[in-house]
Protein chains: 2
Amino acid sequence: MATNQLAGWSVLGDRTRRTIFERLTNRPSAVGDLAKGLPVSRPAVSQHLRVLKEAGLVVDRPAGNRRIYAINPDGLGELRAELDRFWTSAMTAYKAAVEQPDEEKT
Amino acid sequence: MATNQLAGWSVLGDRTRRTIFERLTNRPSAVGDLAKGLPVSRPAVSQHLRVLKEAGLVVDRPAGNRRIYAINPDGLGELRAELDRFWTSAMTAYKAAVEQPDEEKT
DNA sequence: ACGCACCGTAAGCTAACACTTACGAACCTG
DNA sequence: CAGGTTCGTAAGTGTTAGCTTACGGTGCGT
């Protein structure tokens with residue numbers, strides 16, 4: 001499935017990719033339709049979709065002539081978990097560090 | 001102030017920068033100490049810290065010979081808000097799209 | 001004052017990345 | 001079958017991003 005375990009952060013670091021991803025949260029779309037609303041060419045969108053797919057964030061399904069891309073619920077969950085992990089880890093460590101300024105007093 | 005409004009994603013998209021940021025959540029540190037635990041040189045860490053600082057995620061304070069970098073609580077809050085905004089937006093749109101699969105044609 | 005440690009910045013290099021055009025495959029419609 | 005879509009991929013290009021080395025500035029200790 002997802003070839004990368006923690007790709008969410010870096011994958012969504014790109015603006016275009018975030019836009020594509022957000023559009024897909026609104027509705028599943030074909031490649032050409034996505035490209036129409038973007039300032040980049042259709043093959044560029046296709047390549048972004050491949051990256052998103054390899055990260056497990058989207059899934060694709062053939063529909064006759066076209067290919068419909070949609071959000072992958074599992075990938076969405078993993079992304080959520082990744083963000084949660086990062087955030088809680090950062091917050092707990094930060095709180096602990098604030099409440100114990102033991103190390104280095106200025 | 002944070003020079004960018006949505007810098008969180010792209011700034012923390014880099015692995016080294018995420019590591020530095022997480023280390024700073026544990027305890028404020030000087031540049032050299034940070035560089036010691038990383039596979040990159042000290043100037044590289046310095047440059048990363050500048051990016052983090054411009055994004056409003058960290059603050060620095062001179063301490064004699066050295067310069068102590070620490071997490072910026074305001075930046076942490078803004079990051080939290082940004083992640084929340086992204087997540088809720090994505091989730092609400094996604095749920096709505098799932099409950100109305102009639103819109104597939106465009 | 002002298003030497004040493006710590007740090008920021010400039011300059012330059014390299015690899016990765018996002019993008020384009022060109023091409024071929026698969027599909028539907030007449 | 002012929003023609004027109006839709007799409008993925010290969011090949012090539014320009015830019016950016018992260019990294020290194022080199023250098024200058026500042027503060028501390030002897």
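Reader: Which residue stands opposite B:A30 in β3(B)?

Author: B:I68 stands opposite B:A30 in that strand. This is a predicted model, in which local features need pLDDT of at least 70 and side-chain atom pairs count only at pLDDT 80 or more, while totals for chains, interfaces and linings use all residues. Residues are numbered from 1 along each chain as its sequence is written, chains are lettered from A and ligands numbered from 1 in the order in which they are written, and side-chain values use heavy atoms, with hydrogens and water left out.

Reader: And what stands opposite B:S29 in β3(B)?

Author: B:Y69 does. β1(B) and β3 (residues 66–71) of chain B pair in the antiparallel sense over two bridges. Strands here are DSSP runs of E with at least two residues, helices are runs of H or I with at least four, and both are numbered from the N terminus. Two strands pair if DSSP finds at least two bridges between them.

Reader: In what order do the three strands of chain B lie?

Author: The order is β1-β3-β2, in an open sheet with antiparallel pairing. β1 (29–30) and β2 (58–63) of chain B are the edge strands, each pairing on one side only.

Reader: How many bridges join β2(B) to β3(B)?

Author: Six bridges join them. Among the facing residues, B:V58 stands opposite B:I71. The two strands form a hairpin with two residues between them, and B:G64 in the turn has a positive phi of about 60°.

Reader: Turning to chain A, which residue is the bridge partner of A:D60 in β3(A)?

Author: The partner of A:D60 is A:Y69. β2 (residues 58–63) of chain A pairs with β3(A) over six bridges, in the antiparallel sense. In the hairpin of these strands, which has two residues between them, A:G64 takes a positive phi near 60°. β1 (residues 29–30) of chain A also pairs with β3(A), antiparallel and over two bridges, with A:I68 as the bridge partner of A:A30.

Reader: How many residues does each chain bring to the contact?

Author: Chain A brings 33 residues and chain B brings 32, where contact means heavy atoms within 4.5 Å. The area buried between the chains is about 3,100 Å², of which carbon and sulfur atoms give 67%. Buried area is the accessible area (1.4 Å probe) that two parts lose on being put together, summed over both.

Reader: How many salt bridges are there between chain A and chain B?

Author: The count is zero, a salt bridge being a side-chain nitrogen of Lys or Arg within 4 Å of a carboxyl oxygen of Asp or Glu.

Reader: Which elements of chain A each supply at least two residues to the side that touches chain B?

Author: They are α1 (8–11), α2 (15–26), β3 (66–71) and α5 (73–99) of chain A. α5(A) gives the most, with 12 residues.
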